[in-house]
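Hi everyone, thanks for coming along. I'd like to walk you through one model today, beginning with a sheet and ending with a pair of helices.

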Amino acid sequence: MTFSCLLLAVICFLVKICLGSDLYSDKVLNYDFPTFKQRVGGDKPHFVNFFAPWCGYCKRLKPVWDELAEKYNIDVDRQELVIAKVDCTVETPMCADEGVSGYPSLVYYEAGESKGLKYQGKRDLIGLEDFISNNLRDKSKDSDNNKVVSPENGALVLNDGTFQDTVKNGMHFVKFFAPWCGHCQKMAHAWEELAENLQYDKSVTISKIDCTENKKTCDEFEVKGYPTLLWIINGKKVEKYQGARNLDGFKQFITEMKTAHKNKLDNEEGRIADSKESPNLVVELSQNNFENAISQGVSFVKFFVPWCGHCKRLEPIWKDLAIKFASNPKVKIAKIDCTQHEKLCGDYKIAGYPSLFIFREGKYINEYHGDRKLENLHSFVLEYLHHSEL
């Protein structure tokens, strides 16, 4: 072999390594775009490793992922789960479509489902096999119980079949969890304590739902990590709990939520009044009236876009805030739609939604970055109102 031929062979070998190294064993099925679209979402669940050959974490995962393939990729007809891999340095557009933002990304796809559940636990054999076994658990044995709400240590155990009927009326504090999640395991005792403490309190229900078995409900409530703790009123998500994961923190949060929404309770049926029934006293601003509207007193302005989920969740609270200041002529609670008034939002360099700016006598004073709870927003406005009166 001539030197030039040898050099060319070496170059080709190195390029192959850099651009598309298999990294994992042949037992792990290698998917390109056509095979991925054909097989994932078919009649068998898939656990797919989106990786890059140069990634150190991917290399450390190799023996574990190879062992999973040895166990599950045994026979095309008999296997209950497919262990697969996608090289994102080769299938870059497909990885982008699947929302892969880091390596390795391990995504579980149910049979018949094209949308996957991202694994968030430890990348060791115990964690991965627990995750797999929870997802492969035979759900047929639970079919008779699909419409039964069962208590466990005081907390109601919900599923896809019982969730909506349970939370459609009244106030609910719900834990969305996964059994393999370490943070969930650490918090489990505090949640049981909370449920036992409040088991005779008819004004609020403490419950939990396993997202590995009830993907539909968890997707509907946009659960991205575990545990996720949501305050739900009449079937709608109102607030995500962000405090300390202990009994005192939970009880304080419940007290705050009850206080914030007690005026909306319909005493006869225990329902929360529809926000449409409340008067809308929020001042709607535009390019034309903005300067004149904020020229006097204190103006608290919400810059928003209609498609923003955080903006939608803030809307009923913003209306309540306007009601609180309805009798004070020195305060305006206002909003401006940035899809309709791009230039004005651009002038104020609005980069995220919602952005909450406070103005005094027509001049920008500050941006609010705190909790978007009614009492916090109210206190913030009062602080600047008092400054203007000094």
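Before the sheet, a word on pairing: two strands pair if DSSP finds at least two bridges between them. Strands (E, at least two residues) and helices (H or I, at least four) are DSSP runs, numbered from the N terminus. What we have is a predicted model, where local features need pLDDT of at least 70 and side-chain atom pairs count only at pLDDT 80 or more, while totals for chains, interfaces and linings use all residues. Residues are numbered from 1 along each chain as its sequence is written, and side-chain values use heavy atoms, leaving out hydrogens and water.

So, the sheet. It is open, with five strands in the order β14-β16-β15-β17-β18 and mixed pairing. At the edges sit β14 (283-284) and β18 (363-368), each pairing on one side only. Further in, β15 (residues 298-304) runs parallel to β16 (residues 331-337), with seven bridges between them. To pick out one, S299 has K332 of β16 as its bridge partner.

Now to the helices. α7 (residues 182-197) and α9 (residues 247-261) have axes that come within 9 Å and cross at roughly 45 degrees; axes here are lines fitted to C-alpha atoms, for helices over the stretch in contact, with angles from 0 to 180 degrees between N-to-C directions. Which residues make the contact? With contact meaning heavy atoms within 4.5 Å, α7 brings M187, A190, W191, E193, L194 and N197, and α9 brings L247, F250, K251 and I254.

Thanks, and I'm happy to chat!
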